[in-house]
Amino acid sequence: MKELPKVFANKIDKDINNTQDIFYGSISRFNNIRNSNKQDIIRKINNIFKSSNHVYKSLVKISYENRVEEKVIVGRTNNYLITINKEYIKISDILDIEKI
């Protein structure tokens, strides 16, 4: 049986302190409201794409902070909706979405 070569390893002759204390917190309750609303938006988007009426494209009404637009969506990524005109709509900017 053939012997394997020996592995070189440096000696550790000092104390190693590579642990960190990390704390997370929320400044206000508004963040929780925004996160739950964001989950609702994602759920609505998933329902639009899962719908039996969605074959290739869906006409939707998207509400933003200061405007409402009608768009034809054809796809999505993790962060964006893709329209038939190759526009990318950031999902985090959407306040509400509904199929027309």
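This report walks through the fold of one protein chain, from its overall make-up down to single residues.

The structure is a predicted model, in which local features need pLDDT of at least 70, side-chain atom pairs count only at pLDDT 80 or more, and totals for chains, interfaces and linings use all residues. Residues are numbered from 1 along each chain as its sequence is written, and side-chain values use heavy atoms, with hydrogens and water left out.

**The chain as a whole**

Let us start with the elements. The protein chain holds 1 helix and 5 strands, and along the sequence they follow the pattern α-β-β-β-β-β. Here helices (H or I, at least four residues) and strands (E, at least two) are DSSP runs, numbered from the N terminus.

Of the 100 residues in the chain, 20% are buried. Buried stands for under 20% relative accessible area, exposed for over 50%, and partly exposed for what lies in between (1.4 Å probe, protein chains only). The accessible surface of the chain comes to about 9000 Å², and 50% of this belongs to carbon and sulfur atoms; such areas come from the Shrake-Rupley method with a 1.4 Å probe, and for residues only the protein chains shown count as cover. Among contacts with a separation of 6 or more, 49% link residues 24 or more positions apart, where contact means heavy atoms within 4.5 Å.

The strands form an open sheet of 5 strands in the order 4-3-2-1-5, with antiparallel pairing. Strand 4 (88-90) and strand 5 (96-99) stand at the edges with a single partner strand each, so one side of each is left without a neighbour in the sheet. On average, neighbouring strands of this sheet are turned by 45 degrees against each other, direction ignored; the axes are lines fitted to C-alpha atoms, for helices over the stretch in contact, and angles run from 0 to 180 degrees between N-to-C directions. In general, strands of a sheet pair through backbone hydrogen bonds, either parallel or antiparallel. Two strands count as paired if DSSP finds at least two bridges between them.

Two of the pairings look like this:

| Strands | Direction | Bridges |
|---|---|---|
| Strand 1 (residues 58-63) and strand 2 (residues 68-76) | antiparallel | 6 bridges |
| Strand 2 and strand 3 (residues 80-83) | antiparallel | 3 bridges |

A hairpin of 4 residues connects strand 1 to strand 2, and another hairpin, with 3 residues between the strands, is formed by strand 2 and strand 3. Leucine 59 stands opposite valine 72 in strand 2, while glycine 75 faces isoleucine 82 in strand 3.

**A closer look at valine 60**

Valine 60 belongs to strand 1 and stands opposite lysine 71 in strand 2. With 0% relative accessibility, valine 60 counts as buried. Not counting residues up to four places away in sequence, its contacts include Ile48, Ile73 and Ile97. Lysine 99 is 39 residues away from valine 60 in sequence, yet their C-alpha atoms are 4.3 Å apart in space.

**Rings and a charge**

There is 1 aromatic pair. Rings of Phe, Tyr and Trp (its six-membered ring) pair if their centres lie within 6.5 Å, with planes under 30 degrees apart counted as stacked, over 60 as edge-to-face and the rest as tilted. Tyrosine 80 and tyrosine 88 have ring centres 6.0 Å apart and planes at 85 degrees, so the pair is edge-to-face. Tyrosine 80 is partly exposed at 33% relative accessible area, whereas tyrosine 88 is exposed at 54%.

Elsewhere, arginine 67 lies over the face of tyrosine 64, 4.1 Å from the ring centre. A charge sits over a ring if NZ of Lys or CZ of Arg is within 6 Å of the ring centre and within 35 degrees of the ring normal.
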